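Please take a moment with the sequence and the model below.

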Amino acid sequence: MNSLQASRNQVLQHIADACKQAQRAPETVQLLAVSKTHPSECLREMYQTGQRAFGENYLQEALDKIENLNDLAIEWHFIGHVQRNKTKHLAASFAWVHGVDRLIIAERLSKQREANQAPLNICLQVNIDAQESKDGCQPNEVAELVKNISQLPHLKLRGLMVIPAPNNTHAFLDAKQLFDAVKQEHAQPEDWDTLSMGMSGDMVEAIAAGSTMVRVGTALFGARDYSNKV
Ligand SMILES: *Cc1c(COP(=O)(O)O)cnc(C)c1O
């Protein structure tokens, strides 16, 4: 067994254990493999272990990999900050965008998504623990954004994404509460099924709080090397 297979098995086992502890079915939590900074060959090898969903943060790097790996049935997720002038590429090349935090971004993504493509899956990023330097809308803006974004034709609004400060696991409970509140208030609960939270260091706590998608990089691929990033 190669090392990526071993690390993926270990992460899947952690997810299963955390689900069991939380009395949840293991299939209620999806593993997103966060592959930023790792070369295409590494993703190809991870794909061969059965992994299909990959998350990338940097647009140009991601577009290069999408091109290199276009013979594979990868589901591409963009998990970085969404800049207004990048929406066209995101709409064209990704299946999911997790970092939407303003209406104008969602409007552009919907407009730029081709009608012959499947709707683009969206998570609304919330600054759940009021970090000063963080992206994300405020919790009290969520209801209005959900109302407006869910009307856009080429998007499917799936849920919320949060990146709390390290060790602030209470923020996961706040995110779950906000997620449930939207589900109760809005008309399209069938699409509202995703709570994207938890990374290598805190996926157990995130799953205990109700995460449905953990975004895991380091525990799958090892430490990242940023030395050749500009
Ligand atoms: C890099 C990144 C991750 C993965 O973090 P690890 O600690 O390596 O698991 C998850 N989510 C986002 C938004 C990231 O940028």
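Asn167 sits in the loop between E6 and helix H7 (170-185); helices (H or I, at least four residues) and strands (E, at least two) are DSSP runs, numbered from the N terminus. This is a predicted model, in which local features need pLDDT of at least 70 and side-chain atom pairs count only at pLDDT 80 or more, while totals for chains, interfaces and linings use all residues. Residues are numbered from 1 along each chain as its sequence is written, and side-chain values use heavy atoms, with hydrogens and water left out.

Most residues other than glycine have a negative phi.

Ala130 gives you another such backbone angle. Its phi is positive, about 50°, although Ala130 is not a glycine. You will find Ala130 in the loop between strand E5 (120-125) and H6. With a relative accessible area of 60%, Ala130 is exposed.

Follow H6 onward and you come to another loop. Pro153 lies between helix H6 (142-149) and strand E6 (155-161). Pro153 is exposed because its relative accessible area is 60%. Which distance separates Pro153 from Glu107 in space, C-alpha to C-alpha? The distance is 9.4 Å, although Pro153 and Glu107 are 46 residues apart in sequence.

Helix H5 (residues 103-112) holds Ile104. A relative accessible area of 31% makes Ile104 partly exposed. From Ile104 to Ile149 there are 45 residues in sequence and 9.6 Å in space, C-alpha to C-alpha.

Now turn to helix H7, where Leu178 is placed. Leu178 is buried, with a relative accessible area of 18%. Leu178 and Glu114 are 64 residues apart in sequence, and their C-alpha atoms are 31 Å apart in space. Asp180 also lies in helix H7. Asp180 counts as partly exposed because its relative accessibility is 24%. Between Asp180 and Asp193 there are 13 residues in sequence and 9.8 Å in space, C-alpha to C-alpha.

A loop can also hold a buried residue. Ser211 is in the loop between helix H8 (203-209) and strand E8 (213-216), and it is buried, with a relative accessible area of 0%. What does the side chain of Ser211 have 3.4 Å from one of its polar atoms? There you will find the backbone oxygen of Leu195. This is a polar contact, that is, a pair of N or O atoms within 3.5 Å; within protein, one must be able to donate a hydrogen and the other to accept it, and residues adjacent in sequence count only if both atoms are side-chain atoms.

Finally, let us visit the ligand. Which residues surround the ligand? They are Val34, Lys36, Asn57, Ile79, Ile163, Met199, Ser200, Arg215, Val216, Gly217, Thr218 and Arg224, where a residue is near a molecule or strand if one of its heavy atoms lies within 4 Å of it. By class, this shell has five nonpolar, four polar and three charged residues; Ala, Val, Leu, Ile, Met, Phe, Trp, Tyr, Cys and Pro count as nonpolar, Asp, Glu, Lys and Arg as charged, and the others, Gly among them, as polar.

For Arg215, a polar side-chain atom lies 2.9 Å from a nitrogen atom of the ligand. Taken alone, the ligand exposes 390 Å², and the protein buries 88% of that; accessible areas come from the Shrake-Rupley method with a 1.4 Å probe, and for residues only the protein chains shown count as cover.

Note on methods: Buried < 20%, exposed > 50% of the residue type's maximum accessible area, 1.4 Å probe, protein only.
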